[in-house]
Amino acid sequence: MKPKHVGLSKNMQFFKSKSVAKGTPSVAYTPIYQCDEFSLCIFFLAANAVIPLHNHPGMTVFSKVLLGDLPIKSYDWVDSMPPPESQPRLAILKVESVLKAPCKTSVLYPTTGGNIHEFRAVTPCAVLDVLGPPYSKDDRDCSYYKELQHSALSNGESGRVNEGGSDYLRWLKEIEVPQDSHMERIDYWGPQIVD
């Protein structure tokens with residue numbers, strides 16, 4: 001899939017630096033299609049914009065960066081049993097890299113592949129997401145997290161899992177939606193999907 005397939009161009013108003021207001025860099029999304037089984041949408045991030053660390057509970061997500069350079073950091077839970085409410089939970093860093101368009105599609109599974117992730121745009125970006133099943137306020141709502149600073153785990157071991165490896169442990173604490181996190185819904189201007 002390429003940007004032109006969903007009506008995108010680097011010349012769009014959103015991607016022009018003059019159109020980005022001062023303050024927190026903007027994040028917008030446009031829904032393309034949704035049914036009971038999946039949703040299809042595009043996220044737009046201005047340069048330096050952030051989609052904070054969040055999860056996709058019980059969902060599989062296919063993501064493709066269509067425009068821009070997008071650093072991503074993602075985690076999976078170490079233990080499948082959640083801790084008592086408001087307690088930090090141990091997670092393992094699965095990915096810390098920059099996705100540069102054009103790139104391959106990345107896949108997040110319900111319990112593997114980095115289901116908890118954040119995006120920090122370097123350049124203006126557009127990301128196509130297919131989420132299955134879609135978010136639901138009833139049983140699949142998004143939760144947000146923050147990394148807790150630590151020098152050692154409770155048993156005295158360091159956070160590194162493999163010496164020389166890329167997997168690291170971090171404590172993540174669930175938080176309210178960050179105050180500076182705002183997503184604006186914009187109209188979709190690409191080709192329509194017909195049922």
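1. Lining of the largest cavity, by class. Seven residues are nonpolar, three are polar and none is charged. Here Ala, Val, Leu, Ile, Met, Phe, Trp, Tyr, Cys and Pro count as nonpolar, Asp, Glu, Lys and Arg as charged, and the others, Gly among them, as polar. The lining residues are Ser63, Val65, Leu70, Ile72, Leu99, Ser106, Leu108, His117, Phe119 and Val127. Two or more of them come from each of β4, β5 (69–77), β7 (106–108) and β8 (116–120).

2. Basis of the model. This is a predicted model: local features need pLDDT of at least 70, side-chain atom pairs count only at pLDDT 80 or more, and totals for chains, interfaces and linings use all residues. Residues are numbered from 1 along each chain as its sequence is written, and side-chain values use heavy atoms, with hydrogens and water left out.

3. Cavity size. The structure holds one cavity of 30 Å³ or more. The largest cavity contains about 40 Å³ of space. On a 1 Å grid over the protein atoms alone, a cavity is a set of points where a 1.4 Å probe fits but cannot get out; a pocket is an open set with protein on both sides within 12 Å along at least five of seven lines; lining residues have an atom within 4 Å of a point. Grid points are joined across faces, edges and corners, and a volume is the space filled by probe spheres set on the points.

4. Fold. The protein has 12 strands and zero helices. Both are DSSP runs, numbered from the N terminus: helices are H or I with at least four residues, strands E with at least two. Of the contacts with a separation of 6 or more, 79% join residues 24 or more positions apart. Contact means heavy atoms within 4.5 Å.

5. Surface. Buried residues make up 39% of the 195 residues. Buried means under 20% relative accessible area, exposed over 50%, and partly exposed in between (1.4 Å probe, protein chains only).

6. Largest pocket. Its volume is about 810 Å³. It has 28 lining residues, and the closest to its centre are Tyr29, Phe43, Tyr135, Cys142 and Met183. β2 gives the largest share of the lining, four residues. By class, the lining has 15 nonpolar, seven polar and six charged residues.

7. Second largest pocket. This one holds about 420 Å³ of space. Of its 23 lining residues, Val50, Ile51, Pro52, Asp180 and Ser181 are the closest to the centre. β3 gives the most to this lining, with four residues. The classes are 11 nonpolar, five polar and seven charged.

8. Histidine 56. Where does histidine 56 sit? It lies in the loop between β3 (50–54) and β4 (60–67). Histidine 56 counts as buried because its relative accessibility is 2%. Its side chain makes a polar contact with the side chain of tyrosine 135 (2.8 Å). A polar contact is a pair of N or O atoms within 3.5 Å; within protein, one must be able to donate a hydrogen and the other to accept it, and residues adjacent in sequence count only if both atoms are side-chain atoms. Leaving aside neighbours within four places in sequence, histidine 56 is in contact with Val61, Leu108, Asn115, His117, Leu131 and Tyr135.
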